[in-house]
Amino acid sequence: MGTMGQVIADEAGAKAILDDWQMRYSEWDAAVKIETSPERKKELLSSPPDSISVARDLWKQVHKDLKKNYALPAVVWFLEHPEALEKAYPKEGQAKKIIIACLDALEKELLLVKGAGKSAWALSQTQDLRCRAILETMKDCNQHTEDQGLAALGLCLMMKEQGGMKQDSRSVMMARGQLLKDAIVKAIDASFGPVTVQDVVKEEIYELNNLSIGTTAPKVELPNTTQQLVSLPTGKSPVLLIFWDPNNVEAMKFLEKMMNARAQMPQLSVMPISYASAEKTSETLLNLGTSISSLVDNKGKAFKDFRVTMTPYVYLLDNKGTVLMRGVPDMLFDTRLSELLKQYAQVAEKQQAKSDNKAMTSPAPIKQKLPKPAVQTKPAPASGNMSAPPLRPLSF
C-alpha cells in the first residue's frame, strides 16, 4: 500500500510540475509574440521561464519509475531540454546519463504507448542513428495514428541534408514527400515540439517545391548599391547568387574568392546579395577592392524566400531560374560548379544545334499552281486612274 501511494505521489508530482511549466511557458511565449516594442521583446527573449529547476524537480519525481507509462511526458520533456539538464546537473557526464536513460526507457518500454510520438521533434533534432531507428519503429509499430504521423514527420526532418552542398537525391526527395503525406493524413492537427505539424509541413513543402534542385526558384527583385532595381534571372546566362553578410568573415572571404574567379567563368554571372545596408555593403566591397555591385536585402525578403539562415550560402540558377546547385560552399563546391557549368554549356550547344538543324531541314513552302489568265484578243479599254495601288507595309 505504501509503495502504491509513493507511485501515485510521484505521478501526481510529475504532472503538477509539467502543468506548471506549460502554463508559465505559454504565458511567456504569448507575451513575446504580441510584444511590439523591440527593446521589450529583446528583454523577454533574454529571460525565458526557469527550466533548470524544472529539470531538477522532475528528475526527482520520475527517476525511479522512468520506464512506467506515467513517466512518458517527463521523458519527452528531458529529451526536449538537454541544455536545462546540463545546467541542472553540471557534473561531467551526469546529464548525458539521464538522456541515455530516457532513450532506453523510450526504446524498450514506452515506444508503443499512446503519446510516444510527442518525442519525435526532439529525436529529429539529431542525426543519431539510434534516434532514427526509434522513429522508424514508432512509425511502423505504434498502433496510434497520431504517433505514427509524428514519427513520419520526424523521419522526414532527419532525412534533410545538414550543411554543405545539397544533393537533393530524387529517391530521397520522393521518400520525404511520402513521409510528409503520412504526417498530413495522420497528425495534421497535432503539435510538434514548440511548433505545429501544420507549420512544419507547410515549410517543408515550400522547400521541396521551390528550392530543391530542379525546381524553379523564387524571383529576385532588389536594388543594388547604386539604387538600381535588378531582377533575376535575366534569361541570358546562369547566375550564382551569393548570400553574404559584411559582418561575417567567412562570407567575405568566399565572396572575394568568387570575385577573383570570375575571369575563368565568363559564361557565369555572379550576383552577391547582402543582408546589410547599402552603405555598409558598398564600404565592404570597396575594402575588398572589387568593382562589382551587390544587391541589398536589408529587409531580408530574398533571404526569407530562399530560406537562408547562414552565410555564405549559394544558389546556382540557370538562365530560366531553375535551381542547379545550392548550399553552404564546402571543399567540393569548386568541382561541382565546374561540372555543372560544363553540363550547362553542352546542353545549350545541343539545343542550339538542334534549332539550327531544324531551320535548315524545314520543308520549302508549297507552291500553289495558279490558273492561267484567259487570253484576251483585244486589250481592255482604259478607264479611270491607271496608277498602281498603294504598297502594303511589310510585317515581320
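Colleague: Which residues line the largest cavity?

Modeller: A cavity is a set of points, on a 1 Å grid over the protein atoms alone, where a 1.4 Å probe fits but cannot get out, and lining residues have an atom within 4 Å of a point. By that test the lining consists of Met-165, Lys-166, Gln-167, Ile-213, Leu-324, Met-325 and Arg-336.

Colleague: On what basis are such values given?

Modeller: This is a predicted model, in which local features need pLDDT of at least 70 and side-chain atom pairs count only at pLDDT 80 or more, while totals for chains, interfaces and linings use all residues. Residues are numbered from 1 along each chain as its sequence is written, and side-chain values use heavy atoms, with hydrogens and water left out.

Colleague: What is the volume of the largest cavity?

Modeller: Grid points are joined across faces, edges and corners, and a volume is the space filled by probe spheres set on the points. The search of the whole structure finds one cavity of 30 Å³ or more. The volume of the largest cavity is about 30 Å³.

Colleague: How many disulfides are counted?

Modeller: A disulfide is a pair of cysteine sulfur atoms within 2.5 Å. By this rule, the number of disulfides is zero.

Colleague: Is Cys-156 buried or exposed?

Modeller: Buried means under 20% relative accessible area, exposed over 50%, and partly exposed in between (1.4 Å probe, protein chains only). The relative accessible area of Cys-156 is 0%, so this residue is buried.

Colleague: Which residue in S4 is the bridge partner of Val-220?

Modeller: Strands (E, at least two residues) and helices (H or I, at least four) are DSSP runs, numbered from the N terminus, and two strands pair if DSSP finds at least two bridges between them. Strands S3 (residues 220-223) and S4 (residues 229-232) run antiparallel and are joined by four bridges. The partner of Val-220 in S4 is Leu-232.

Colleague: What arc do the buried residues of helix H3 cover around the axis?

Modeller: In H3 (residues 52-62) the buried residues are Val-54, Ala-55, Leu-58, Trp-59 and Val-62. They lie on the same side of H3, because the arc they cover around the axis is only 120°. The arc is that of the directions from the helix axis to the C-beta atoms, and its value here is 120°.

Definitions and conventions. On a 1 Å grid over the protein atoms alone, a cavity is a set of points where a 1.4 Å probe fits but cannot get out, and a pocket is an open set with protein on both sides within 12 Å along at least five of seven lines; lining residues have an atom within 4 Å of a point.
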